[in-house]
Amino acid sequence: MTAPLVSIARLDGYEPTEVRRAMQAVLEPLGDMAAFAKPGCRALLKPNFLWPSAIEKAVCTHPEIARTAARLLREAGASEVTLTDSPGVGSATRCARKLGMGEGEPFRVVDVDDGDEAAGAGAAYRKLRVSRLMRGADLVVNLPKAKTHGQMVLTGAVKNCFGAVVGMDKAQWHFRAGRDHLAFARLLVHVHGLVAPALSILDGVTGMEGNGPGSGDPRPLGVLLASTNAHALDAILARILGVDAAAVPTLAAAREAGLLPERIEVAGPEPESLRPKPVWRLARPAIVRTFGGPGFLSPILDRLIGMRPAIDLRKCSSCGRCVEICAARAIAMEPGKGKDGRIPVIDRKACISCFCCQEVCPEGAIRVRSGPGARLLRIGAR
Ligand code: SF4
Ligand code: SF4
């Protein structure tokens, strides 16, 4: 496997002229947008739309990144550019409206379809329904956002493609993977392969640190990254953020599948020279894993140092979103001092630590917490 190329440009804000300059600069080493958009092609943009959220929260890919990509696609000859996603909450059109996308955009926003079972998915992934729109496009351009993630440590280019799995199916697939985060990462790598974006352009201008991917803190990172290889792009993002690649399950799964070579070419500044100071805060300690494999020690270690969701009832609005998303049925609203006299309560035994609840909590009331043993030993605290 030849070394994949990841192109990096500095970009400090979302002023349209500057975004265009940086995107052209980052695409130039890859052959410009013309290398991807053939005349007459139907291009599809896949942003990170987690839920309808204001731009400044940095939950979603910034609209100017999507606009600039769409304009460059059209200038290269694309006959149509469509933008879609299957958010955890809400719809693509509602997310777009909240982000201020409206009339006159260089793309059409559509809600995702109900998907088809992906043929040739293999026995492990039978009944995996993937968006027809995303799989049927002539060209998919992946537009992830640089954010932390409770379960996957980072959400970048590969994780972003999970939006091709429609609606609540996503939570069901979390449930199927259970506590085994590497098994879930293998699924993410598989779905990325089905979507097969020809190009990924990562919005790292303002990223998210802390309790990501939905309730963390926006923080300037000042970069735009592009690559034809989403795994390599994520590996470079990890280097920029100072995160050990071995702690990122999607990178471990890609390496295991032979999709991520040791050597990655970089065009632009050295990743380490872009490392933010102080350190980028993660949603969970980077070296604490959840133990999912066989072995008599796994449940004990899991109880002691595995990660689990913790609810801060002072922030909770008793909306019930966490209950709806939990495929393991590990959360229930019970009588308590919350709104309507109800509070969410987690059944620790039933919880598989998938962190879907943390991802969709609109109040940032759910955090990722390591087990008592890890806290005592201060393992991985950062
Ligand atoms: S999603 Fe968040 S705010 Fe809503 S009930 Fe659950 S913990 Fe509370
Ligand atoms: S309680 Fe949260 S982390 Fe636990 S299984 Fe349910 S959604 Fe996943």
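What follows is a short chat about the domains, core, ligand shells and a few residues of this predicted model.

Q: Hi! Which domains is the protein divided into?
A: There are two stretches: domain 1 covers 5–274 and domain 2 covers 297–377. Their C-alpha centres lie 27 Å apart.

Q: And how many residues does the contact take from each domain?
A: Domain 1 puts in 15 residues and domain 2 puts in 17 residues.

Q: What does the domain 1 side of that contact look like by class?
A: On the side of domain 1 that touches domain 2, there are 9 polar, 5 nonpolar and 1 charged residues.

Q: Okay, on to the core. How many residues are in the largest nonpolar one?
A: That core has 112 residues, and Ala-69 and Leu-224 have the most contacts inside it. Helix α8 (residues 230–241) gives the most to this core, with 9 residues.

Q: Where does this core lie relative to the domains?
A: Between them, because domain 1 (5–274) and domain 2 (297–377) both contribute residues to the core. As a general point, nonpolar side chains in soluble globular proteins tend to be buried together.

Q: You mentioned Leu-224. What is Leu-224 in contact with, leaving aside neighbours within four places in sequence?
A: Its partners are Ala-9, Leu-11, Ala-22, Met-23, Val-26, Ile-201, Leu-202, Gly-204 and Val-205.

Q: Switching to ligands: what surrounds ligand 1?
A: A shell of 13 residues, with Cys-316, Cys-319, Arg-321, Cys-322 and Cys-361 the closest. By class, that shell around ligand 1 holds 8 nonpolar, 3 polar and 2 charged residues.

Q: And what about ligand 2, which residues are closest there?
A: Those are Cys-326, Ala-328, Cys-351, Cys-354 and Cys-357, out of 14 residues that surround ligand 2.

Q: Nice. Now helix α6, which residues are buried there?
A: In α6 (residues 169–177), the buried ones are Lys-170, Ala-171, Trp-173 and His-174. Looking down the axis of α6, they fall within an arc of 160°, so they line one face of the helix.

Q: What covers the buried residues of α6?
A: The cover includes α7 (181–195), α11 (321–325) and α12 (356–360).

Q: What happens just after α6?
A: Gly-178 comes there, with a positive phi of about 60°.

Q: Let's pick single residues. Is Ala-254 buried or exposed?
A: Ala-254 is buried, because it has 26 C-beta neighbours inside 10 Å and the cut-off for buried is 20 or more. Ala-254 sits in helix α9 (residues 249–256).

Q: Which residues is Ala-254 in contact with, again skipping those within four places in sequence?
A: Val-158, Val-189, His-231, Leu-259 and Leu-260. There is also His-190, 64 residues away from Ala-254 along the chain, with the two C-alpha atoms separated by 9.4 Å.

Q: Why does Asp-113 count as partly exposed?
A: Because Asp-113 has 16 C-beta neighbours inside 10 Å, and that count falls between the limits of 12 or fewer for exposed and 20 or more for buried.

Q: And which contacts does Asp-113 make beyond four places in sequence?
A: Asp-113 is in contact with Ser-131, Arg-132 and Leu-133. Its C-alpha atom is also 9.5 Å from that of Ala-164, which is 51 residues apart from Asp-113 along the chain.

Technical notes: Residues numbered from 1 in each chain as written. Chains lettered and ligands numbered in written order. Predicted model: local features only at pLDDT ≥ 70, side-chain atom pairs only at ≥ 80, totals over all residues. Near = placed C-beta within 6 Å. Contact = placed C-beta atoms within 7 Å. Helix = DSSP H or I, 4+ residues; strand = E, 2+ residues; numbered from the N terminus. Domains from an automatic or database assignment. Nonpolar A, V, L, I, M, F, W, Y, C, P; charged D, E, K, R; others polar. Arc of directions from axis to C-beta. Core = buried A, V, L, I, M, F, W, Y, C linked by C-beta atoms within 7 Å.
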